[in-house]
Amino acid sequence: MKKYILLLLFLTAIVVGPFAYQRWSEAKRLRHIRETKQAAAQIRATPLKGFLQQLDQTSPDQTVLILFTGNTQAHLEPCGCFIGQSGGLPRRATAISGIRDKGFSPLLVDLGGFLPLEPEQMKPDVFEQTTELDQLRVQTTFTAMEMMGYDVLVSSQPDENAIDQTLTNYRFQLLAAHSKASSPEQRPYLIKTVGSKQVALIELSLLETGQTASISNKLDSLMSEVQAEADIVIVSSHLQPKVNKSLAQKYPNISAIMSRDTGNTERVGNVLLTYCYPHGKTLGALTLTDTAGQTSSTVEQIALTEEVGDDPNVRKLLNDFYEQVASDPQLQVASHPLFSSETLEQDSNNSYIGSEACQECHRKEFDQWSHSSHATAFNTLQIVGREYYSKCVSCHVTGFGYSSGYQIGASDRAHLAEVGCETCHGPGKQHTYTPLTTNIRGKVEASTCMECHAPEHSPGFEQLVAQLMPEVDHSRSQLSLKQILEQRMRGPMKPQIELFVMSFCLYGVQAEQELLPFFKRYLNRIDFKLRFIVGEKEESEKNTTGQTEFTSLHGESELIENKRQMVIAELYPDKRFDYLICRADHLQEAWVHCAKKVELDVSKITRAVESEKMTLQLVKEVQRTKELNIKGSPTLVIDGRVIDGGIWRGKVKETCR
């Protein structure tokens, strides 16, 4: 007997072991990806709440506070590509208002680098070469800075054409040597009262940037000039770090040397060397406290994460910006098409044809792609209303910026929305005519992925390539519904789950019995909607009142149940799953049985069912069904794309049509 038990255990291990190991390995992989991305996305900064608590322990009369930003490159707000992003003009405005509410009147400084280009791309005429969208971004940035009450903007030469064209209408002072917007007699420094002190800000990029000795000679005369008027001297420097360190050693009376570049704060003697996070990810805070005649200095970066709400006025400014972009085709032009150095993309005889053309020969690969996050990439832009914003569109569609590729607002290019097969493998027209390995990219290198999955948008991707590539490996076995959800839930937004049913359809009810308990486990991590397949009556069938009337396969009672379930989802979102699961199990009984079981107000639901609001909601159901071309109950949709029934149907074998 003992032998048989051991043999049974052995055979069980052989059969179950590989499956169990696969599940364990996949869970371990997903956990590693999640932890690595979270670690890479973190910024070393102080939460705004913590900084404000520090200010409660500080007297505004004894403290000089300088808030600073730099190298923002006209980034208006985070792109939203991952959870936990820091930055954004509306959050920055909220942080500044919160600091002022504590009784402080800080000196507010931008250290330059506001053009939407990396420093190595900057040339004296660079503003003339930027797109209309980039120029509008700069103007929007300046308007937001005006609303926040910035005192001074520091500029180096590459920025100055932008200043000449855009800054004349703003009140903050400019430190710039060659700009037409600055007066001939303008000095390369600013002196302003902050608290009870006179603070001087000297701009070193206006001086010759040759030898340290030459810079020191210029700074000698400036220091003697400003020290006669100021209690505290701050220097804004775009010079190399080693030059800044030399200056800190030579001029110990300087309180801080501030750079717009990225770096780690350090102290040289009594002088603080401070740096900026790029793209406006944080708000720098230099605090100078006078205690018993001695001035101590500290610097912190304030995190501008989701915990910091949006300032409503600056939020409106950005919303107006997006609306302007959405209504003006000139602002939707692609500036830098992806893969512009690749042979296939540069072949004028080749063109994009869309992923649907690939499935005839590559059905398995197409099915795998259609359940991936790439296949729903454009949907994420539509959710947040950025489908007109070229800076985002480029990495969420196929072939944007090429003559045959996706074009914003062009209905005949809708088949190129999403990150399709040709994004990775190159335009496929020639390959469909003559399938050769030479006219398609068969093997896709990680460098191709990193055109979009750059650190700014996909932190940690470079370290995770080996773990992430299996998700786009076409030899991989079909994903389960759980695996699809796990991948989608790593994104910046909750996956949109839509289950389309007819409420009295036997197969729809079976799908609810199978799927609703599963989705309930992810209640706080997904956006679930139960949708209903109904139709509108033709004009000739409508009643004399002209009101919209609906049809449903199982008659009027099904229409009423549809509306009833929509009412419950709206009035009792925390109990909707409990009601729906109960109703699916007891469809032949009166609905009040389940309503009372989960403690719902029956009379309140009955009144709401007859409201005009529910009629309008049914109109939206009809529109959504048409938009996705849904024909049968049940149909499962995730992030706007229908999920193959073979993945999730289980015991559900048929469809109501």
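Which helix holds Thr448? Thr448 lies in helix 16, residues 446-449. Helices (H or I, at least four residues) and strands (E, at least two) are DSSP runs, numbered from the N terminus. The model is predicted: local features need pLDDT of at least 70, side-chain atom pairs count only at pLDDT 80 or more, and totals for chains, interfaces and linings use all residues. Residues are numbered from 1 along each chain as its sequence is written, and side-chain values use heavy atoms, with hydrogens and water left out.

Thr448 counts as buried because its relative accessibility is 10%. Buried means under 20% relative accessible area, exposed over 50%, and partly exposed in between (1.4 Å probe, protein chains only). Neighbours within four places in sequence aside, Thr448 is in contact with Phe339 and Cys424. Contact means heavy atoms within 4.5 Å.

Thr305 has a relative accessible area of 17%, so Thr305 is buried. Its side chain makes a polar contact with the side chain of Glu307, at 2.5 Å. A polar contact is a pair of N or O atoms within 3.5 Å; within protein, one must be able to donate a hydrogen and the other to accept it, and residues adjacent in sequence count only if both atoms are side-chain atoms. Not counting residues up to four places away in sequence, Thr305 touches Gly84, Gln85, Ser86 and Arg91.

The structure holds five cavities of 30 Å³ or more. On a 1 Å grid over the protein atoms alone, a cavity is a set of points where a 1.4 Å probe fits but cannot get out; lining residues have an atom within 4 Å of a point. Grid points are joined across faces, edges and corners, and a volume is the space filled by probe spheres set on the points.

The largest cavity contains about 70 Å³ of space. Its lining includes Phe339, Tyr352, Thr398, Phe400 and Glu422. Phe339 is also a contact of Thr448. Ala, Val, Leu, Ile, Met, Phe, Trp, Tyr, Cys and Pro count as nonpolar, Asp, Glu, Lys and Arg as charged, and the others, Gly among them, as polar.

The second largest cavity has a volume of about 50 Å³. It is lined by 13 residues; Gln62, Val64, Lys197, Leu288 and Asp290 lie nearest its centre. Strand 2 (63-69) and strand 12 (282-291) are the elements that give two or more residues to this lining. Strand 12 gives the most, with three residues. The lining of the second largest cavity has four nonpolar, six polar and three charged residues.

Notes
1 Å grid on protein atoms, 1.4 Å probe; cavity = no way out; pocket = protein on both sides within 12 Å on 5 of 7 lines; lining within 4 Å.
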